[in-house]
Amino acid sequence: TVAMFLAITNDGAKRAAIDAAARETLSTVKQEELQKLLTKIGQRYTDRNTVVHGVWGISAKYSGKLLWADVRETTLFHADMMKLERENAENDMRFARMMQYQKTMVLYEEKDFKELQDRIQKALTEFARWADPFIGEAFGKDELILPKRPTPPLRGRRRSPDPSDDESASQ
């Protein structure tokens with residue numbers, strides 16, 4: 001089952017597989033709890049994609065901050081600017097498009113990344129807490145108990161007893 005699930009590469013198909021398995025195995029209450037958790041995780045997935053797939057930059061004007069833009073918006077902006085050049089558009093049109101593009105940019109500070117990390121961690125912790133009973137039932141307790149090692153046998157040749165070590169020899 002795990003191998004089949006991991007072979008699914010489309011996120012929508014993965015979600016459909018999870019939903020189908022949940023309908024077959026979980027109570028209505030547990031299904032609703034799962035859907036709420038998956039929605040929260042989906043929101044965090046969007047946060048993650050925003051960071052990973054954005055276009056990042058710096059500016060002396062915004063010291064200690066990062067500039068972010070959506071990669072799709074950036075691509076459209078550059079395509080529009082090339083089109084405006086080919087059409088010999090006036091500077092006003094190009095300037096207007098630049099101002100429109102700049103409004104889509106976002107400034108990030110260190111605290112924004114920490115808040116993002118906290119939101120992601122909170123969602124994952126909440127999901128893990130919900131899933132732990134199912135995992136424990138399926139795979140056992142989440143603790144590793146190592147077997148005790150047997151005492152190793154003595155190795156090497158036996159030594160003859162030293163008469164000076166013998167208490168009876170000194171008497």
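By contact I mean heavy atoms within 4.5 Å. With that settled, here is the structure, which is a predicted model.

I'll start with the strands. Strand β1 covers residues 54-57 and strand β2 covers residues 66-70; the two run antiparallel and are joined by 4 bridges. One of the pairs across them is Gly-57 with Leu-67 in β2. On to the next pairing: β2 is also joined to strand β3, residues 106-108, by 3 bridges, again antiparallel. Here Trp-68 is the residue standing opposite Val-106 of β3.

Let me stay with Leu-67, which sits in strand β2. Is Leu-67 buried or exposed? Its relative accessibility is 16%, and buried means under 20%, so Leu-67 counts as buried. What is Leu-67 in contact with, once neighbours within four places in sequence are set aside? The list runs Val-55, Trp-56, Gly-57, Ile-58, Ser-59, Tyr-62, Met-105, Val-106 and Leu-107. For a sense of distance, take Arg-157, which is 90 residues from Leu-67 along the chain. The C-alpha atoms of Leu-67 and Arg-157 are separated by 74 Å.

Now Asp-112, which belongs to helix α6. Asp-112 has a relative accessibility of 19%. The cut-off for buried is under 20%, so this charged residue also counts as buried. Where does its side chain go? The side chain of Asp-112 reaches the backbone nitrogen of Glu-109, at 2.6 Å.

Helix α6 brings me to the last item, the largest pocket. The space in the largest pocket is about 1,200 Å³. The lining has 27 residues, and those closest to the centre of the pocket are Phe-5, Lys-14, Ile-18, Leu-38 and Phe-127. Which helices supply at least two residues each to the lining? They are α1 (2-7), α2 (11-25), α3 (28-52) and α6 (110-139). Helix α2 gives the most, with 8 residues. By class, the lining is made up of 21 nonpolar, 3 polar and 3 charged residues. Lys-14, among the residues closest to the centre, is of the charged class.

Key: Residues are numbered from 1 along each chain as its sequence is written. This is a predicted model: local features need pLDDT of at least 70, side-chain atom pairs count only at pLDDT 80 or more; totals for chains, interfaces and linings use all residues. Side-chain values use heavy atoms; hydrogens and water are left out. On a 1 Å grid over the protein atoms alone, a cavity is a set of points where a 1.4 Å probe fits but cannot get out, and a pocket is an open set with protein on both sides within 12 Å along at least five of seven lines; lining residues have an atom within 4 Å of a point. Grid points are joined across faces, edges and corners, and a volume is the space filled by probe spheres set on the points. Buried means under 20% relative accessible area, exposed over 50%, partly exposed in between (1.4 Å probe, protein chains only). A polar contact is a pair of N or O atoms within 3.5 Å; within protein, one must be able to donate a hydrogen and the other to accept it, and residues adjacent in sequence count only if both atoms are side-chain atoms. Two strands pair if DSSP finds at least two bridges between them.
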